[in-house]
Protein chains: 2
Amino acid sequence: MRRRLDMQLDELNELLTHMGELCQVAINKATKALKNGDVSQAKKVQKADMKIDQIEKDIESLCMKMLLEQQPVARDLRQVSAALKMITDMERIGDQTSDIAEIVISENITESMELVELTQMAEAAGKMVKDSVRAYVNQDLSLTRKVIEADDEVDRMFVENKKELVEYIAKDKGKHGERAMDLIMVAKYLERIGDHATNIAEWVEYSITGIRIEGN
Amino acid sequence: MRRRLDMQLDELNELLTHMGELCQVAINKATKALKNGDVSQAKKVQKADMKIDQIEKDIESLCMKMLLEQQPVARDLRQVSAALKMITDMERIGDQTSDIAEIVISENITESMELVELTQMAEAAGKMVKDSVRAYVNQDLSLTRKVIEADDEVDRMFVENKKELVEYIAKDKGKHGERAMDLIMVAKYLERIGDHATNIAEWVEYSITGIRIEGN
């Protein structure tokens, strides 16, 4: 017969996967909203962020219940504590997508705009989030490594974006100035999403190995 | 004889005031670090953020203890729940000062720079944080109003900063481009600090009046 703790760990995995999916969807929606200046889409992102906050609370309650009722030890205990840390990072990811949405809502865009670099950055950050949660569910150390390495690429994209946006402003400050200033903040939020995904990957490594690597 | 709950509420007020002070000091230090490109000062801000995270946990524990042991009702209950909300906003303020510090650390500044507007914005945001906590301790509804009004001024400063930084880049992209891109993010963080102080003020109003105003 399976332990009650194992069933609860399965439930925890499902909730974490779901939270990770919500984050990924929020990142995609926020990027689309930004691309098209779509305010109603942006408002949906903010609603998704509230859902992410709610599922964080659900996972927190489940973890507390597991800790109190089952008093897990060793790897089980590490898995629960890693989950508690991971949801903090995922909740911040939700906040950052909501920050991007806020920029879309407060902007006054009349034309859609080509945002190849930023879209790629959003895709890369979204993939990091997805992979970090998959690494937790499958307890996959090679996948955590991939996430941590991918962060360098996202950081590089951020620097590139910054340079491009400076060129943009220098070319025509009246036309591009305000928009470029908004976009650099969006790029910064995406870069932070990459940092949070890296944190998640590091917590997954801890849950598997028991060794905690210094985060960023 | 005073109720045990009143003594605990006093303790809660002291801790909240202390947390508010730590936030204010962090904002000041982060601004100074930014002004002088002072990396060691910036690292102190990040340490202060860890202290803020710790005191958040202390206040959370105290609130939980009060809720479980004393089962407060009406205004007492509102005060405890408002405190729980306020510390989330203060913790985010700490994060934002740490984000500013991170920018200072990752920058490569060789010269100090005149940042009149940004310094004023930091002062205004810091004052909002201080006043919002003072309003809680003194249960002062006129002070919460002042905080909420001050946020419009901080928002206005943010827009001004954005315009100035665009001019900066347009003037000499090679010399000012990268720095200006960093500074707009700092301005954004300060603007968010203003939002969090506004949230705190709104929670204080709720704790006094029982009416919750829509936050931003």
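Author: Helices here are DSSP runs of at least four residues, numbered from the N terminus. The model is a predicted one. A case of the numbering is A:Lys163, which is found in helix 5 (residues 141–171) of chain A.

Reader: Is A:Lys163 buried or exposed?

Author: The label exposed applies over 50% relative accessible area. A:Lys163 has a relative accessible area of 52%, so the residue counts as exposed.

Reader: How far apart are A:Lys163 and A:Lys146 in sequence and in space?

Author: In sequence they are 17 residues apart, and in space 26 Å, taken C-alpha to C-alpha.

Reader: Now a helix of chain B. How do I read the span of helix 6 of chain B?

Author: The expected span is 1.5 Å times one less than the number of residues. Helix 6 of chain B covers residues 173–209, which is 37 residues. From first C-alpha to last, this helix reaches 52 Å, close to the expected 54 Å.

Reader: Where does helix 6 of chain B bend?

Author: The bend is at B:Ala180 and comes to about 25°. At the other end of the description, B:Gly210 follows the helix and has a positive phi, near 85°.

Reader: Why is helix 6 of chain B described as largely enclosed?

Author: Buried means under 20% relative accessible area. Of the 37 residues in helix 6 of chain B, 31 are buried, so the rest of the structure largely encloses this helix. B:Trp203 is one buried residue, with a relative accessible area of 14%.

Reader: What does the spacing along the helix tell me?

Author: An α-helix has 3.6 residues a turn, so residues three or four places apart point the same way. A:Trp203 and A:Tyr206 are 3 residues apart in helix 6 of chain A, which means about one helical turn separates them. Both A:Trp203 and A:Tyr206 are buried.

Reader: Which rotation superposes chain A on chain B?

Author: A rotation of 180° with 0.0 Å of shift along its axis does so, at an RMSD of 0.0 Å. That is the relation of a two-fold axis. A:Ala170 is the residue of chain A that comes closest to the rotation axis, its C-alpha lying at 2.3 Å.

Methods: Residues numbered from 1 in each chain as written. Chains lettered and ligands numbered in written order. Predicted model: local features only at pLDDT ≥ 70, side-chain atom pairs only at ≥ 80, totals over all residues. Heavy atoms only, no water. Least-squares fit on C-alpha atoms with pLDDT ≥ 70 in both. Helix = DSSP H or I, 4+ residues; strand = E, 2+ residues; numbered from the N terminus. Bend = angle between axes of the 7 residues up to and from the residue. Buried < 20%, exposed > 50% of the residue type's maximum accessible area, 1.4 Å probe, protein only.
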